[in-house]
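Here's a quick briefing to read alongside the structure. Have the viewer open and follow along, topic by topic.

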Amino acid sequence: MAETRSEGMDEIGGLDLEPEVAARVAALMAGIQAQSVRVGVIGLGYVGLPFAVEKGKVGFSVLGFDRQQARVDRVNQGRNYIGDVADAELAALVAAGRLRATTDMAQLADMDVLVIAVPTPLNKNLNPDLRHIEAVTRDIARHLRPGQLISLESTTYPGTTDEIMQPLLEAAGLRAGTDFFLAYSPERVDPGNQRYSTCNTNKVVGASHPASLALATAFYRRTIQHVVPVGSAAAAELCKVFENTFRAVNIALVNELTLLCDRMGLNVWEVLEAAFTKPFGIMPFYPGPGVGGHCIPLDPHYLEWKAREFNFNTRFIALAGEINRHMPEFVVEKALRLLSDRGRGLQGSRILALGVAYKQDVDDPRESPAGEVIRLLEARRATVVYHDPFVPRFSEFGLDLQSLPLTEAEVRQADLVLVLTDHSTVDYAMVVREAVQLLDTRNATRRVPGPKPSVVLL
Ligand code: SAJ
């Protein structure tokens, strides 16, 4: 539960600090416990905005920083744009003056606590691209003053906080751990998850200086029920990339099993459902057309890249990425087989894709495997149209498509219906009834009763 005011003071009381530093730490700790510190959140995306709202709700004064003026304007108008944020909560905080946003990075100097939640993409060679973290760190360094606490939340490789951020911040002469404080606390946001939100998801915090760790732990404990301190920023960074690597590897395992079951003529969904009846020692993962989103397909390669520095090949990460990136091609191969069985080729066939978002019931098509599947189908001169209730327009992978209404006529005129994302709001009974042929890569039609002769599963 939230740390009491005395707990925070007790923690720093045991630290061996110079008097000036001890006074600085005590003042910041008092401000954290009183929730009077000014909190800056840099990056108002699916991590930053929910975090800003949670801090504002308990009474902190929060200023969001984002380069996108449109996002800043929407926040200042109280108009939400993140699915995991309650519209009314954002509007109320803005109306009460507890949450504002700006593009003016000079206001960083006025903040006591700065939380960074900017993207960490990969470049086209699957290597880390830290440009956003480095740019924000330079902005902070320009306005850095004694007494500020800085916490990085973006998923990144072990060493980013201590080896990249700290030197940039110390360039002006201030020292981490005594003048300012620096920590790493990985975001754990599962977009669309109705059960776990920012405040009830356990939070790991790491820092390489005791005062930084005590202050960051106390700060997160003001709004997060269970905060788990670890002894270094690198340990916290590695913890996070391990979490996402764990998912990528297990998703690849069931995808590989899908490829084998296809050869063996077995139903992988039946096999997996049976395996998951084991009450211990296993965890459900399901096959799909590939792995999307801005985390699972990318983050493990941050660890793979860093491990090479230690002459270490993270073979599981490489293999998982290879298998997961192969799935779109497998989907196209299976689609071609189904069309060929009816004397058709891909060229000139009309394919209706159901769902382009990267996963169920989210509106985000970034890194979606559906984009790669559609791109491959169009490269073979199939005519592809799509319906996605969450994504009205799909302009990824060089595509530019509009979502069509899902009508019986649309389903009937498709030579193949291809379920790529299993949104829960789609009328699969109608689709199964009207489709000439349906390839279901997500087992989305499993709840449609009765025989489904038109349905083939991945
Ligand atoms: N997927 C499968 N089979 C599965 C699970 C997922 O094919 O069994 C696919 C999904 O369809 C999607 C991709 O993998 O395309 C990623 O799905 P995801 O839910 O694992 O990933 P994200 O990016 O939405 O959220 C994840 C978090 N997910 C969960 O913990 C359930 C978590 O790993 C991180 O907190 C978050 O990424 C992040 O921000 O790092």
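What follows covers a few helix pairs and the surroundings of the ligand.

Keep in mind that this is a predicted model. Helix α9 turns up in two of the pairings here, one with α10 and one with α11. A further pair is α3 with α5, and the ligand has 21 residues around it.

**α3 against α5**
- Start with α3, residues 48-57, which packs on α5, residues 87-95, at an angle of about 60° and with the axes 10 Å apart.
- That angle makes α3 oblique to α5.
- As for handedness, the crossing of α3 past α5 is left-handed.
- On the α3 side you'll find Leu49, Val53, Gly56 and Lys57, and they meet Glu89, Leu90 and Leu93 from α5.
- Sorted by class, that contact comes to 4 nonpolar, 1 polar and 2 charged residues.

**α9 against α10**
- Next up is α9, residues 233-264, packing with α10, residues 268-275, at about 135°, with 9 Å between the axes.
- The two helices, α9 and α10, are therefore oblique to each other.
- Val254, Leu257, Thr258 and Cys261 are what α9 brings to the contact, while α10 brings Val268, Val271 and Leu272.

**α9 against α11**
- Helix α9 also pairs with α11, residues 299-308; their axes come within 8 Å and cross at roughly 120°.
- Here too the handedness is given: α9 passes α11 in a left-handed crossing.
- To see the contact, pick out Leu238, Val241, Asn244, Thr245 and Ala248 in α9, which meet Asp299, Pro300 and Leu303 in α11.

**Around the ligand**
- Which residues come nearest to the ligand, of the 21 around it? They're Glu187, Lys240, Arg247, Tyr286 and Tyr358.
- Lysine 240 has a polar side-chain atom 2.7 Å from an oxygen atom of the ligand.
- Tyrosine 286 uses its backbone instead: an N or O atom there lies 2.7 Å from a nitrogen atom of the ligand.
- Tyrosine 46 has a side-chain N or O atom that sits 3.0 Å from an oxygen atom of the ligand.

Definitions and conventions. Residues numbered from 1 in each chain as written. Predicted model: local features only at pLDDT ≥ 70, side-chain atom pairs only at ≥ 80, totals over all residues. Heavy atoms only, no water. Axes fitted to C-alpha atoms, helices over the stretch in contact; angles between N-to-C directions. Helix = DSSP H or I, 4+ residues; strand = E, 2+ residues; numbered from the N terminus. Parallel < 35°, antiparallel > 145°, perpendicular 65-115°, else oblique. Left-handed = near helix turned anticlockwise from the far one by under 90°. Contact = heavy atoms within 4.5 Å. Nonpolar A, V, L, I, M, F, W, Y, C, P; charged D, E, K, R; others polar. Near = heavy atom within 4 Å. Polar contact = N/O pair within 3.5 Å; in protein donor to acceptor, adjacent residues only side chain to side chain.
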